[in-house]
Amino acid sequence: MGKVYIFDHPLIQHKLTIIRDKNTGTKAFRELVDEVATLMMFEITRELPLEEVEVETPVATAKSKVLAGKKLGVIPILRAGLGMVDGIVKLVPAAKIGHVGLYRDPETLKPVEYYIKLPSDINDRELIVTDPMLATGGSAIEAIHALKKRGGKQISLMCLIAAPEGVEAVKEAHPDINIYVAGLDEKLNEKGYIIPGLGDAGDRLFGTK
């Protein structure tokens with residue numbers, strides 16, 4: 001059974017406050033999202049398994065720890081999820097990166113897959129789906145479904161902020177998924193925006209409107 005993790009680290013909370021501020025410009029917004037993704041990834045990887053090896057220091061032979069071969073994959077949901085990728089791969093540069101593109105059908109309002117490109121060995125990797133905003137949960141649910149039907153087994157979702165409605169929707173659709181968020185907000189408004197939120201993450205990352 002998956003769990004929901006809300007990160008209360010002071011640095012994450014401090015940076016998230018600046019990200020929320022409407023006066024934070026594109027350059028600073030992009031840099032801060034990158035930094036928060038790095039800090040979140042540091043926490044997410046806390047439970048990665050280790051194995052003992054021997055290494056020659058300049059003085060003697062030492063028994064020390066290395067990661068036990070756990071392979072990671074980072075799967076941003078286009079386009080806003082791209083803003084979190086660089087921050088993650090700073091810590092795990094060997095991670096492979098896939099992409100899932102979704103758009104909302106204007107009539108049904110449901111997400112539709114338009115692009116997907118994944119590592120060939122996703123069934124052997126621990127996959128982290130990234131999207132700054134978890135609002136209704138529709139895109140995240142569809143992205144996770146797309147990974148599962150292509151062989152993905154170990155999948156987590158990593159978001160900056162989430163609405164309770166989105167968290168519950170993902171938990172119901174994919175009860176095996178861990179959800180990692182930096183902030184759990186109050187609610188969705190009638191237009192599906194997170195309140196208080198941070199606006200449109202894609203527009204603020206890429207300077208578009």
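## Ground rules

Buried means under 20% relative accessible area, exposed means over 50%, and partly exposed lies in between (1.4 Å probe, protein chains only). Lysine 71, with a relative accessible area of 34%, is therefore partly exposed.

This is a predicted model, in which local features need pLDDT of at least 70 and side-chain atom pairs count only at pLDDT 80 or more, while totals for chains, interfaces and linings use all residues. Residues are numbered from 1 along each chain as its sequence is written, and side-chain values use heavy atoms, with hydrogens and water left out.

## Salt bridges

The structure holds 11 salt bridges. The term covers a side-chain nitrogen of Lys or Arg within 4 Å of a carboxyl oxygen of Asp or Glu. One of them pairs lysine 90 with aspartate 34, with 2.4 Å between the closest N and O atoms. The two residues are 56 residues apart: lysine 90 sits in the loop between helix H3 (85-89) and strand E5 (96-97), and aspartate 34 in helix H2 (residues 26-44). Helices (H or I, at least four residues) and strands (E, at least two) are DSSP runs, numbered from the N terminus. Lysine 90 is exposed because its relative accessibility is 54%. Aspartate 34 is buried, at 12%.

Aspartate 121 bridges to lysine 71, and here the closest N and O atoms are 3.4 Å apart. Aspartate 121 lies in the loop between strand E7 (111-117) and strand E8 (126-130), and lysine 71 in the loop between strand E3 (61-67) and strand E4 (72-78), so the bridge ties together parts 50 residues apart in sequence. Aspartate 121 has a relative accessible area of 14%, so it is buried. Lysine 148 and aspartate 176 also meet through their side chains, at 2.9 Å from N to O. Lysine 148 belongs to helix H4 (residues 138-148); aspartate 176 is in the loop between helix H5 (164-173) and E11, 28 residues apart from its partner. Lysine 148 is partly exposed at 29%. Aspartate 176 is partly exposed too, at 41%.

## Annotated sites and the largest pocket

UniProt carries a "binding site" annotation, from an unreviewed entry, for Arg79, Arg104, Asp131, Pro132, Met133, Leu134, Ala135, Thr136, Gly137, Gly138, Ser139 and Asp200. From this set, the lining of the largest pocket takes in Arg79, Arg104, Asp131, Met133, Leu134, Ala135, Thr136, Gly137, Gly138, Ser139 and Asp200. UniProt positions follow the numbering used here, feature names are shortened, and annotations may be inferred rather than shown by experiment. On a 1 Å grid over the protein atoms alone, a pocket is an open set of points with protein on both sides within 12 Å along at least five of seven lines; lining residues have an atom within 4 Å of a point. Another "binding site" annotation, also in the unreviewed entry, covers Ile194, Gly199, Asp200 and Ala201. The pocket lining includes Ile194, Gly199, Asp200 and Ala201.

Threonine 136 is placed in the loop between strand E9 (133-134) and H4. Its 39% relative accessibility makes threonine 136 partly exposed. Contact means heavy atoms within 4.5 Å. Setting aside residues up to four places away in sequence, threonine 136 touches Arg104, Glu165, Gly166, Ala169 and Leu188. Isoleucine 194 is in strand E13 (residues 194-195). Isoleucine 194 is buried, at 6%. Beyond four places in sequence, the contacts of isoleucine 194 include Met133, Leu134, Ala135, Ile161 and Lys187. Aspartate 200 occupies the loop between E13 and helix H6 (201-206). Aspartate 200 is partly exposed, at 34%.

## Glutamate 186

Glutamate 186 falls in the loop between strand E11 (178-184) and strand E12 (187-188). Glutamate 186 is exposed because its relative accessibility is 53%. Not counting residues up to four places away in sequence, glutamate 186 touches Pro164, Ile195 and Pro196. The C-alpha atom of glutamate 186 is 6.4 Å from that of alanine 163, although the two are 23 residues apart along the chain.

Methods. 1 Å grid on protein atoms, 1.4 Å probe; cavity = no way out; pocket = protein on both sides within 12 Å on 5 of 7 lines; lining within 4 Å.
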